[in-house]
Amino acid sequence: MNSPLSQHFSGIQTTLSTTQRGRDNGYAKWPPVVERVDNLGYIEVPDQPFYSHDIGRSSELGGRIYYLNGDTMCNDAGIASNSYQLVLDRKRATEARYLSIDKEGFVEPLIDKDEEETHYLSLPENKTKRVAFWCFGGIVEISPGLGWVWYQKYFIDHSDNSHDLVGVGLARISQDKQAYGIAGQLSSARMPGLMFRINEPLFGSFCTLVDRDMVYLWGQKDSDIFLARVPKANCQHRHMYQYWNGSAYISQITEAASILRDFQHGQFFQSDLFGPHLWMFIGCTRWADSQVMIGMSCRLEGPWDMHPIHVATGIKDPVNYRYCIYPHPWATNMAKGKLLVTWCDHWPGGVIAAKLRFATVGNTHWAHIPLSGYSNRVVCTALSKSSEACRDNGLTLDELMNPRRLSVRGVDQQGVELAVNMIRDSLAIARKEEMADQHAASEDSSQINLGERLIRKIIKHACG
């Protein structure tokens, strides 16, 4: 059966070659539905050795993307407690290069031991120990090429596999070197002492981000996660930190309130994936269940609506659980409902990348009809004839400027096409009517001018 729009179609065929067409994806559904998962393999580069490592949290500094890693097993060269890799091309997110490997194959850590720690580890009674610095929270950039990273400091004893957490330290990260002819090598400068100790929430070591002039920091204490903030110009000054108490940011850390529980790793970020300017979370729980968790909130402080969306799978270690689950919004087109996520499998594995595609709603088809050469009268006439029919069929019709055009939008592509035909016909008919009126007005003017000339001739003849 013909639609009301098809009844408006006059049958006058007009060229549509100058009409622009397209489709805007709607937002992803909430609660989320993952339609497809494409496993992309490990993050590595073909011409460098594959070193088993974890974390894989990405950060941007100076316009470049880096993966921050935890323990990096450099084969016979030893264990680097942390490392980083530079993404060479944003379109190839699974290719990232180490920029600092010595001739023995050891990766230079981003955060390294100081003299006191080096001396401590040199003592005979500490020969089975090492110190580790793990950067789960990522780098926050405070000016181009300069940022901060909050790291967890551990003493690890390999004789009994004990991990003694000391607290959270702070290091300044700068982008000031080259390696392999590639700009972007990083260096660090640790601030003295610790920012937070084990009797406090470990702010900055879970997640960090910059929003306007503030750095927001999440930290764990037992099974709870807490939120703090500090002006980005004062990250190194402990007295400038404020802590969320459930209703406001205050200066007393002991009054901080938990915003989430039972999450081990993850990242908060802003995204339009599920709606305009919403806050999102991607991560994993502390239950070792390999679940990719997703959350959404209108505010950083919550409340957060959390859902499991996928069970992460391993490659070299398919048995143990997956952990260190992080999103990478820079790597995929979230406007198309896609998001790159990474997770880790255990040794001898590494960081695995996967592309998630979410189900979306509200896909909109559109067409822009140029109005160059049409008068205001023609455009107004076409609008008046077309607006009601578009509205009755669930379409929107608007006049846009710069350049001037009519825009028709709707979820049904066929309906949009029928509307385009109707509007073009209305414009053609209105232009013909305008031309006919102009011609009639011209003839009337000619008759009037002829009559005036005859009258003048008669008067002239009478006056002799």
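Start with the whole protein chain: of the contacts (heavy atoms within 4.5 Å) between residues at least 6 apart in sequence, 56% join residues at least 24 apart. This is a predicted model, where local features need pLDDT of at least 70, side-chain atom pairs count only at pLDDT 80 or more, and totals for chains, interfaces and linings use all residues. Numbering runs from 1 along each chain as its sequence is written, and side-chain values use heavy atoms, with hydrogens and water left out.

Zoom out. The C-alpha atoms fill a box of roughly 135 × 55 × 50 Å along the principal axes. Colour by secondary structure to find four helices and 29 strands. These are DSSP runs numbered from the N terminus: helices are H or I, at least four residues, and strands are E, at least two.

Next, select tryptophan 30 and proline 31. A cis peptide bond joins them, with omega about 0°. Proline 31 sits in the loop between strand E1 (20-24) and strand E2 (34-42).

Jump to tryptophan 347 and proline 348. Their peptide bond is also cis, with omega near 10°. The loop holding proline 348 runs between strand E25 (338-344) and strand E26 (351-358).

Now check backbone phi. Most residues other than glycine have a negative phi.

Select asparagine 161, in the loop between strand E10 (146-157) and strand E11 (162-179). Its phi is positive, about 60°. Asparagine 161 is exposed, at 54% relative accessible area. Exposed means over 50%, buried under 20%, partly exposed in between (1.4 Å probe, protein chains only).

Finish at aspartate 222, between strand E15 (214-221) and strand E16 (224-231). Aspartate 222 has a positive phi of about 60° and is exposed, at 67% relative accessibility.
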